[in-house]
Amino acid sequence: STYVSSHGISVAKQYLESVSLFNEFSPRSWGEPGTHEAIRPTTPTDAKSLAEQVLLNPILSRLTPYHVRLYDLIFRRFIASQMRPANAVVVRYSVEFEGLESRSVELVESVKGGFSSVLPVRTSTLPEGRFDVEVKPTLGSAVQLMDYPEVIRTMKEFRIGRPSTYAKTIQTIIRHGYAIESKRSKKLVVTKKELTAFS
(Lines give C-alpha, C1' and ligand atoms only; values in the text may rest on other atoms or scores of the structure.)
Protein backbone atom coordinates (compact mmCIF):
# COMPACT_ATOMS: atom_id res chain seq x y z
CA SER A 1 0.00 0.00 0.00
CA THR A 2 1.10 3.60 -0.64
CA TYR A 3 -1.48 5.20 1.66
CA VAL A 4 -0.17 7.36 4.51
CA SER A 5 -2.39 8.07 7.52
CA SER A 6 -2.72 11.41 9.30
CA HIS A 7 -0.47 10.01 12.06
CA GLY A 8 2.18 9.14 9.49
CA ILE A 9 2.00 12.66 8.07
CA SER A 10 2.42 14.08 11.58
CA VAL A 11 5.59 11.95 12.03
CA ALA A 12 7.08 13.58 8.91
CA LYS A 13 5.95 17.03 10.10
CA GLN A 14 7.59 16.58 13.52
CA TYR A 15 10.85 15.41 11.98
CA LEU A 16 11.06 18.22 9.42
CA GLU A 17 10.35 20.78 12.16
CA SER A 18 13.14 19.28 14.29
CA VAL A 19 15.73 19.62 11.49
CA SER A 20 14.61 23.10 10.37
CA LEU A 21 13.10 21.91 7.08
CA PHE A 22 9.46 22.65 7.82
CA ASN A 23 9.31 25.06 4.86
CA GLU A 24 9.81 21.99 2.60
CA PHE A 25 6.90 20.09 4.20
CA SER A 26 4.18 19.10 1.70
CA PRO A 27 1.78 16.56 3.27
CA ARG A 28 0.35 13.81 1.04
CA SER A 29 -1.77 10.75 1.84
CA TRP A 30 -0.90 9.01 -1.48
CA GLY A 31 -4.30 7.42 -2.06
CA GLU A 32 -7.31 6.15 -0.18
CA PRO A 33 -7.37 4.26 3.14
CA GLY A 34 -7.40 0.48 2.85
CA THR A 35 -6.59 -2.57 4.90
CA HIS A 36 -2.93 -1.61 5.23
CA GLU A 37 -0.86 1.54 5.39
CA ALA A 38 2.45 2.21 3.64
CA ILE A 39 5.66 0.98 5.25
CA ARG A 40 6.90 3.96 7.23
CA PRO A 41 8.63 4.96 10.49
CA THR A 42 6.38 5.17 13.56
CA THR A 43 8.38 7.95 15.24
CA PRO A 44 10.34 10.98 13.94
CA THR A 45 13.65 9.21 14.65
CA ASP A 46 16.23 9.21 11.85
CA ALA A 47 18.94 6.56 11.37
CA LYS A 48 21.61 8.60 13.16
CA SER A 49 19.44 8.89 16.28
CA LEU A 50 18.53 5.20 16.05
CA ALA A 51 22.22 4.21 15.89
CA GLU A 52 22.86 6.28 19.03
CA GLN A 53 19.94 4.58 20.81
CA VAL A 54 21.34 1.15 19.87
CA LEU A 55 24.56 2.00 21.75
CA LEU A 56 22.71 3.23 24.84
CA ASN A 57 19.76 0.85 25.06
CA PRO A 58 20.43 -2.87 25.81
CA ILE A 59 17.00 -3.80 24.38
CA LEU A 60 18.10 -2.50 20.95
CA SER A 61 21.52 -4.20 21.07
CA ARG A 62 20.35 -6.94 18.70
CA LEU A 63 20.09 -4.43 15.85
CA THR A 64 23.03 -4.62 13.45
CA PRO A 65 24.39 -1.90 11.13
CA TYR A 66 22.43 -3.61 8.33
CA HIS A 67 19.17 -3.06 10.23
CA VAL A 68 20.06 0.61 10.67
CA ARG A 69 20.89 0.97 6.94
CA LEU A 70 17.54 -0.57 5.97
CA TYR A 71 15.75 1.72 8.41
CA ASP A 72 17.63 4.70 6.92
CA LEU A 73 16.43 3.77 3.42
CA ILE A 74 12.79 3.50 4.56
CA PHE A 75 12.99 6.65 6.69
CA ARG A 76 14.53 8.86 3.99
CA ARG A 77 12.12 7.68 1.27
CA PHE A 78 9.14 8.26 3.55
CA ILE A 79 10.21 11.73 4.67
CA ALA A 80 10.99 12.66 1.04
CA SER A 81 7.45 11.61 0.06
CA GLN A 82 6.11 14.30 2.42
CA MET A 83 8.28 17.11 1.01
CA ARG A 84 8.09 19.55 -1.87
CA PRO A 85 9.50 18.58 -5.29
CA ALA A 86 13.17 19.39 -5.87
CA ASN A 87 14.47 21.74 -8.56
CA ALA A 88 16.70 19.96 -11.07
CA VAL A 89 18.83 21.06 -14.01
CA VAL A 90 18.62 18.40 -16.74
CA VAL A 91 21.04 18.56 -19.67
CA ARG A 92 20.36 16.81 -22.98
CA TYR A 93 23.30 15.47 -25.00
CA SER A 94 23.27 14.21 -28.58
CA VAL A 95 25.42 11.09 -28.92
CA GLU A 96 26.75 9.77 -32.23
CA PHE A 97 28.82 6.61 -32.64
CA GLU A 98 30.65 5.77 -35.90
CA GLY A 99 28.03 7.38 -38.11
CA LEU A 100 25.15 5.53 -36.49
CA GLU A 101 21.90 7.27 -35.62
CA SER A 102 22.45 9.91 -32.95
CA ARG A 103 20.59 9.48 -29.71
CA SER A 104 19.60 11.96 -27.07
CA VAL A 105 20.89 11.33 -23.55
CA GLU A 106 19.53 13.25 -20.58
CA LEU A 107 21.64 13.70 -17.45
CA VAL A 108 20.66 15.33 -14.19
CA GLU A 109 23.36 17.96 -13.62
CA SER A 110 22.22 19.47 -10.32
CA VAL A 111 19.38 19.14 -7.82
CA LYS A 112 18.46 21.66 -5.12
CA GLY A 113 15.81 22.05 -2.44
CA GLY A 114 12.71 20.00 -1.79
CA PHE A 115 13.09 16.33 -0.99
CA SER A 116 16.76 16.34 -2.09
CA SER A 117 17.59 17.76 1.36
CA VAL A 118 16.96 14.31 2.87
CA LEU A 119 17.17 12.05 -0.21
CA PRO A 120 20.11 13.14 -2.41
CA VAL A 121 19.80 12.53 -6.16
CA ARG A 122 22.79 11.20 -8.10
CA THR A 123 24.02 13.73 -10.65
CA SER A 124 26.32 13.50 -13.67
CA THR A 125 28.14 16.15 -15.68
CA LEU A 126 29.76 15.96 -19.11
CA PRO A 127 32.04 18.67 -20.54
CA GLU A 128 30.45 21.36 -22.71
CA GLY A 129 30.80 21.46 -26.50
CA ARG A 130 31.89 18.71 -28.87
CA PHE A 131 34.17 16.07 -27.38
CA ASP A 132 35.47 12.63 -28.29
CA VAL A 133 35.19 9.68 -25.97
CA GLU A 134 36.90 6.36 -26.44
CA VAL A 135 34.18 3.71 -26.71
CA LYS A 136 34.79 0.02 -26.23
CA PRO A 137 31.91 -1.97 -27.82
CA THR A 138 30.71 -5.03 -25.90
CA LEU A 139 28.36 -7.85 -26.82
CA GLY A 140 24.87 -7.20 -25.54
CA SER A 141 21.19 -7.82 -26.05
CA ALA A 142 18.92 -5.82 -28.33
CA VAL A 143 16.13 -6.50 -25.84
CA GLN A 144 16.27 -4.97 -22.36
CA LEU A 145 17.05 -7.79 -19.94
CA MET A 146 15.00 -8.16 -16.77
CA ASP A 147 15.88 -9.23 -13.24
CA TYR A 148 13.69 -11.23 -10.82
CA PRO A 149 11.47 -8.31 -9.67
CA GLU A 150 10.91 -7.11 -13.25
CA VAL A 151 9.92 -10.59 -14.43
CA ILE A 152 7.50 -10.96 -11.51
CA ARG A 153 6.04 -7.52 -12.28
CA THR A 154 5.51 -8.61 -15.91
CA MET A 155 3.90 -11.88 -14.79
CA LYS A 156 1.50 -9.89 -12.62
CA GLU A 157 0.73 -7.50 -15.47
CA PHE A 158 -0.11 -10.32 -17.91
CA ARG A 159 -1.72 -12.46 -15.17
CA ILE A 160 0.65 -15.39 -15.69
CA GLY A 161 0.34 -17.86 -12.81
CA ARG A 162 -0.53 -17.03 -9.21
CA PRO A 163 1.45 -14.74 -6.85
CA SER A 164 2.35 -17.69 -4.64
CA THR A 165 4.06 -19.47 -7.58
CA TYR A 166 5.92 -16.58 -9.29
CA ALA A 167 9.33 -17.24 -7.69
CA LYS A 168 9.02 -21.03 -8.04
CA THR A 169 8.17 -20.68 -11.75
CA ILE A 170 11.28 -18.57 -12.42
CA GLN A 171 13.49 -20.96 -10.40
CA THR A 172 12.14 -23.92 -12.40
CA ILE A 173 12.87 -22.16 -15.71
CA ILE A 174 16.46 -21.55 -14.56
CA ARG A 175 16.88 -25.10 -13.20
CA HIS A 176 15.80 -26.60 -16.55
CA GLY A 177 18.25 -24.37 -18.42
CA TYR A 178 15.75 -22.20 -20.29
CA ALA A 179 17.33 -19.09 -18.76
CA ILE A 180 20.45 -18.22 -16.78
CA GLU A 181 21.11 -15.44 -14.29
CA SER A 182 24.04 -13.13 -15.09
CA LYS A 183 26.63 -12.95 -12.32
CA ARG A 184 27.24 -9.23 -12.13
CA SER A 185 23.88 -7.57 -12.89
CA LYS A 186 21.63 -10.49 -11.85
CA LYS A 187 19.68 -10.21 -15.12
CA LEU A 188 17.84 -13.23 -16.56
CA VAL A 189 19.16 -14.26 -19.99
CA VAL A 190 17.09 -16.61 -22.16
CA THR A 191 19.06 -19.56 -23.60
CA LYS A 192 18.57 -21.25 -26.99
CA LYS A 193 17.00 -24.28 -25.33
CA GLU A 194 13.40 -24.69 -26.52
CA LEU A 195 10.80 -24.05 -23.83
CA THR A 196 8.46 -26.99 -23.29
CA ALA A 197 5.91 -27.74 -20.60
CA PHE A 198 7.48 -28.41 -17.22
CA SER A 199 6.24 -29.33 -13.78
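Are α4 and α5 parallel or oblique to each other?

A: The model is predicted, so local features are taken only at pLDDT of at least 70 and side-chain atom pairs only at pLDDT 80 or more, whereas totals for chains, interfaces and linings use all residues. Residues are numbered from 1 along each chain as its sequence is written, and side-chain values use heavy atoms, with hydrogens and water left out.

Helix α4 covers residues 148–157 and helix α5 covers residues 166–175, and their axes come within 10 Å and cross at roughly 120 degrees. The axes are lines fitted to C-alpha atoms, for helices over the stretch in contact, with angles from 0 to 180 degrees between N-to-C directions. α4 and α5 are therefore oblique to each other, given that angles under 35 degrees count as roughly parallel, over 145 as roughly antiparallel, 65 to 115 as roughly perpendicular and the rest as oblique. The crossing of α4 with α5 is right-handed, a term used if the near helix is turned clockwise from the far one by less than a right angle.

On the α4 side the residues that meet α5 are Tyr-148, Val-151, Ile-152, Met-155 and Lys-156, and on the α5 side they are Tyr-166, Thr-169, Ile-170, Gln-171 and Ile-174; contact here means heavy atoms within 4.5 Å. By class, the contact of α4 with α5 has seven nonpolar, two polar and one charged residues, where Ala, Val, Leu, Ile, Met, Phe, Trp, Tyr, Cys and Pro count as nonpolar, Asp, Glu, Lys and Arg as charged, and the others, Gly among them, as polar.

To place this pair in the whole, the protein has five helices and four strands, which run α-α-α-β-β-α-α-β-β from the N terminus on. Helices (H or I, at least four residues) and strands (E, at least two) are DSSP runs, numbered from the N terminus.

Another pair of helices, α1 and α3, has axes that come within 10 Å and cross at roughly 95 degrees. That makes α1 roughly perpendicular to α3. Gly-8, Ala-12, Tyr-15 and Leu-16 of α1 make the contact with Phe-75, Phe-78 and Ile-79 of α3, and these residues divide into six nonpolar, one polar and no charged.

In the loop between α3 (65–81) and β1 (87–95) lies Gln-82, which counts as buried because its relative accessibility is 0%; buried means under 20% relative accessible area, exposed over 50%, and partly exposed in between (1.4 Å probe, protein chains only). Not counting residues up to four places away in sequence, Gln-82 touches several residues, among them Ala-12, Leu-16, Phe-25 and Trp-30.

Ser-116, in the loop between β2 (103–112) and α4, is also a buried residue, with a relative accessible area of 13%. Leaving aside neighbours within four places in sequence, Ser-116 is in contact with Ala-86 and Val-111, and its C-alpha atom is separated by 9.1 Å from that of Met-83, 33 residues apart along the chain.

Phi of Lys-186 is near 60 degrees, a positive value in a residue other than glycine, and Lys-186 is partly exposed, with a relative accessible area of 46%.
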